[in-house]
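The following account is intended to be read beside the sequence and the coordinates. Please keep both in view.

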Amino acid sequence: MALILHASSTNKNGLKALITAEYSGVKVELVKDFVMGVSNKTPEFLKMNPIGKVPVLETPDGPIFESNAIARYVARLKPDNPLYGSTLIDYGHIEQWIDFSATEVDANLARWLYPRLGFGPHLPPAEEAAIAALKRALEALNTHLASSTYLVGHGVTLADIVMICNLSVGFKLIMTKNFTSQFPHVERYFWTLVNQPNFKKVLGDIKQAESIPPVPSKKPTQPKESVKPKPKEEPKEVKKDEVKVKVAVEEEDAPKPKAKNPLDLLPPSKMILDDWKRLYSNTKTNFREVAIKGFWDMYDPEGYSLWFCDYKYNEENTVSFVTLNKVSGFLQRMDLARKYAFGKMLIIGSEGPYKVKGLWLFRGTEIPQFILDECYDTELYEWTKVDITDEAQKERVNQLIEDAEPFEGSSLT
């Protein structure tokens, strides 16, 4: 029985086994007419892999799933296969780079790419963390390749096959030249290997991505109605009265004034937001006695509301600069509420994971709907309305406004 690989011809995990087979002189046949989402849901396929993941290799002794396991099996069919190196330490290093490729390169590429292709929600903080982790991995790989043509030894090994297949998805779909130019040795390594005959036979010609896939739109666009051509009208004599009517109609069709923000229609408030912002900015000393006292003297609970916000995914905040970029991006997007809001954000902790907490003052008694609609970051935070009758909550407001340190027992970042 020949070895039969169940996968599509473009599945990068299946390609690992096919390239390994080319280097090992092993015949592996790709199953015909494989359709992802259909073929891997059949009872016959699920007997080979109960969770329906691809690829699966049919062998005379039974099926094997998981792409790296399949590639290892194919490589071992050739005795003393150089794909596994020539010494025990070579073998250890090959396994090391296979694991590195899976956990540091492939996993972080997937976390960056797949949400942009619509497979799962796109969360900017998660994307930023994925890109940072991927860059860290590629920097390590770049350093290693600065003095090496291959990952292990002086020829292609199984580690190179796995690494190139994983990198190929990034190069083709999301890692533009502007991104990969930061890692010149990785670039040289990738383009050298994909043009080797055994790689090229399986991978074909590879074209690098020219742009990063856009984030899928949250709201589906409405199809435009087809515009039917108007029947051609015969020219007619224009009378003076008709000219007057035409002018009147044009005046009626003139652009109407932009609709007011609903917050502008609220009853007047005794609190003047710009006065508070000016007091906050200009108070340099005795902050508690001047700015904090001034805030509560101005605050109007009928015209404004206070909200605590706590980031939901603090366990992801392991890198300080990534966390800072995340908060800075949130503040930039919240700038659309400048006329109706005042906010303070704190990054807390001397080392990761860092906590992100904040305080926002909004016009009205609820978080304005246009902010929830336009600033997608808001859904990444837990929002709690401040109860100003609770002295403990009022004190927490004071501490957030004045950047009190330590805050809730921890230093500020």
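The paragraphs below turn to a sheet, a helix and several aromatic contacts in this predicted model.

Four strands form an open sheet in the order S2-S1-S3-S4, with mixed pairing. Strands S2 (28–30) and S4 (62–65) are the edge strands; each has a single partner, so one side of each lacks a neighbour in the sheet. From one strand to the next, the twist averages 25°. Strand S1 (residues 3–6) runs parallel to S2 and is joined to it by three bridges, with leucine 3 opposite valine 28. Helix H3 (residues 67–76) packs on this sheet, touching S1, S2, S3 and S4, and its direction makes about 125° with that of S4.

Helix H12 (residues 287–298) has 12 residues, which at 1.5 Å a residue should span 16 Å; the end C-alpha atoms lie 15 Å apart, in agreement. Its buried residues are Phe287, Ala291, Ile292, Gly294, Phe295 and Trp296. Among the elements covering them are helix H11 (273–282) and strand S5 (304–311). Phe287, Phe295 and Trp296 also belong to a cluster linked by ring pairs, which includes Trp276 and Tyr280.

The structure holds 26 aromatic pairs. Phenylalanine 171 and tryptophan 191 have ring centres 5.7 Å apart and planes at 85°, so this pair is edge-to-face. Phenylalanine 171 is buried, at 0% relative accessible area, whereas tryptophan 191 is partly exposed, at 27%. Phenylalanine 330 and tyrosine 381, by contrast, are stacked, with 4.8 Å between centres and 25° between planes. Phenylalanine 330 lies in helix H13 and tyrosine 381 in strand S8, so the pair ties together parts 51 residues apart in sequence.

Terms used: Residues numbered from 1 in each chain as written. Predicted model: local features only at pLDDT ≥ 70, side-chain atom pairs only at ≥ 80, totals over all residues. Heavy atoms only, no water. Pairing = 2+ DSSP bridges. Helix = DSSP H or I, 4+ residues; strand = E, 2+ residues; numbered from the N terminus. Axes fitted to C-alpha atoms, helices over the stretch in contact; angles between N-to-C directions. Contact = heavy atoms within 4.5 Å. Expected span 1.5 Å × (residues − 1). Buried < 20%, exposed > 50% of the residue type's maximum accessible area, 1.4 Å probe, protein only. Phe/Tyr/Trp six-rings, centres within 6.5 Å; stacked < 30°, edge-to-face > 60°.
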